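Here is a model to read through questions and answers. Each answer sets a value against a cut-off and draws the conclusion.

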Amino acid sequence: YTLVYGVLRLINFAHSEVFVTGTFATILTLRGIGIGPDDPVPSLLMVLLTLVLASIVAALSSGAVALLVERVAYRPLRRRNAPPLVFLISAVGASLVLMEIYALFLGRDNVRVGNLIKPRTQFTVFGADVTNRQILIVVSAVLMMVVLDSFISRTRLGRGVRAVSQNPDAAALMGVNKDRVIALTFLLGGLMAGVAAVLYD
């Protein structure tokens with residue numbers, strides 16, 4: 001979310017739906033494997049394989065939706081030099097459209113996720129229990145931030161993202177393809193949202 005905002009300087013209201021795409025992809029992947037909300041927790045090897053598979057499916061699904069939002073809701077407006085308010089209205093519209101599509105196909109009721117990791121208290125901090133799931137979420141979030149920081153700092157594409165976020169016009173004059181960098185930023189944000197959705201679920 002921050003990555004997209006840093007490049008476009010606009011709030012992407014549809015990012016929550018990108019995240020939800022990863023969540024539904026995870027749920028459908030678990031159902032396809034045969035892991036339901038009332039099933040017992042599988043073995044450790046099965047949990048690891050399922051996490052990898054669900055992460056790949058969720059990341060690809062979220063990335064595809066993020067690219068679609070960029071192509072449909074942002075790129076045409078960017079090419080017409082639309083004012084920032086129009087981008088915000090378009091993002092809200094994209095969010096509502098995606099929300100209604102999910103409601104149409106998946107309903108509006110709560111959807112339970114299959115049991116992969118049984119929550120167990122590992123230790124207590126000031127009376128609050130810290131579970132294995134919470135530790136996994138924090139550790140994976142830190143790892144994803146380190147990987148993203150390394151990507152932005154050390155790769156050619158990352159330099160392009162930084163250049164576009166600082167000064168899009170100057171970056172274009174230096175040969176940076178602004179549309180490609182923005183599309184990549186949406187894709188990267190979608191991929192990370194998909195992985196985060198798996199770990200959060």
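Q: What makes the contact between the side chains of Asp 179 and Arg 78 a salt bridge?
A: This is a predicted model. In it, the N to O distance for Asp 179 and Arg 78 is 2.9 Å. A salt bridge needs a side-chain nitrogen of Lys or Arg within 4 Å of a carboxyl oxygen of Asp or Glu, so the pair counts. Asp 179 is in helix 8 and Arg 78 in helix 3, 101 residues apart.

Q: Why is Arg 78 called buried?
A: Arg 78 has a relative accessible area of 14%. Buried means under 20%, so Arg 78 is buried.

Q: How do you know that Asp 179 also forms a salt bridge with Arg 79?
A: The N to O distance is 3.4 Å. The limit is 4 Å, so Asp 179 and Arg 79 form a salt bridge. This pair links helix 8 to helix 3 as well, across 100 residues. Asp 179, Arg 78 and Arg 79 belong to a network of salt bridges that includes Glu 70 and Arg 75.

Q: Why is Arg 79 called exposed?
A: Its relative accessible area is 59%. Exposed means over 50%, so Arg 79 is exposed.

Q: What makes Glu 100 and Arg 108 a salt bridge?
A: Their side chains meet at 2.5 Å, N to O. That is within 4 Å, so the pair is a salt bridge. The structure holds five salt bridges.

Q: Why is Glu 100 called partly exposed, and why is Arg 108 called exposed?
A: Glu 100 has 39% relative accessibility. Arg 108 has a relative accessible area of 61%. That is over 50%, so Arg 108 is exposed.

Q: Why is the aromatic pair of Phe 24 and Tyr 102 called tilted?
A: A search of the whole structure finds three aromatic pairs. In the pair of Phe 24 and Tyr 102, the ring centres are 5.5 Å apart and the planes stand at 50 degrees. Stacked needs under 30 degrees and edge-to-face over 60, so this pair is tilted. Phe 24 is in helix 2 and Tyr 102 in helix 4, 78 residues apart. Both are buried.

Q: What makes the aromatic pair of Tyr 74 and Phe 87 stacked?
A: The centres are 5.9 Å apart, with 20 degrees between the planes. Pairing needs centres within 6.5 Å and stacking needs planes under 30 degrees apart, so the pair is stacked. Together with Phe 186, they form one aromatic cluster.

Q: How do you know that Tyr 74 and Phe 87 are buried?
A: Tyr 74 has 0% relative accessibility. Phe 87 has a relative accessible area of 7%. Buried means under 20%, so Tyr 74 and Phe 87 are buried.

Q: Why does Ser 95 count as buried, and why is Leu 96 called partly exposed?
A: Ser 95 has 9% relative accessibility, and under 20% means buried, so Ser 95 is buried. Ser 95 lies in helix 4. Leu 96 is in helix 4 too. Leu 96 has a relative accessible area of 46%. That falls between 20% and 50%, so Leu 96 is partly exposed. Leu 96 is one of the residues of a nonpolar surface patch.

Note on methods
Residues are numbered from 1 along each chain as its sequence is written. This is a predicted model: local features need pLDDT of at least 70, side-chain atom pairs count only at pLDDT 80 or more; totals for chains, interfaces and linings use all residues. Side-chain values use heavy atoms; hydrogens and water are left out. Patches are made of residues with over 30% relative accessible area and no salt bridge: like charges are joined within 9 Å, nonpolar side chains (Val, Leu, Ile, Met, Phe, Trp, Tyr) within 5 Å. Accessible areas come from the Shrake-Rupley method with a 1.4 Å probe; for residues, only the protein chains shown count as cover. Helices (H or I, at least four residues) and strands (E, at least two) are DSSP runs, numbered from the N terminus. Buried means under 20% relative accessible area, exposed over 50%, partly exposed in between (1.4 Å probe, protein chains only). Rings of Phe, Tyr and Trp (its six-membered ring) pair if their centres lie within 6.5 Å; planes under 30 degrees apart count as stacked, over 60 as edge-to-face and the rest as tilted.
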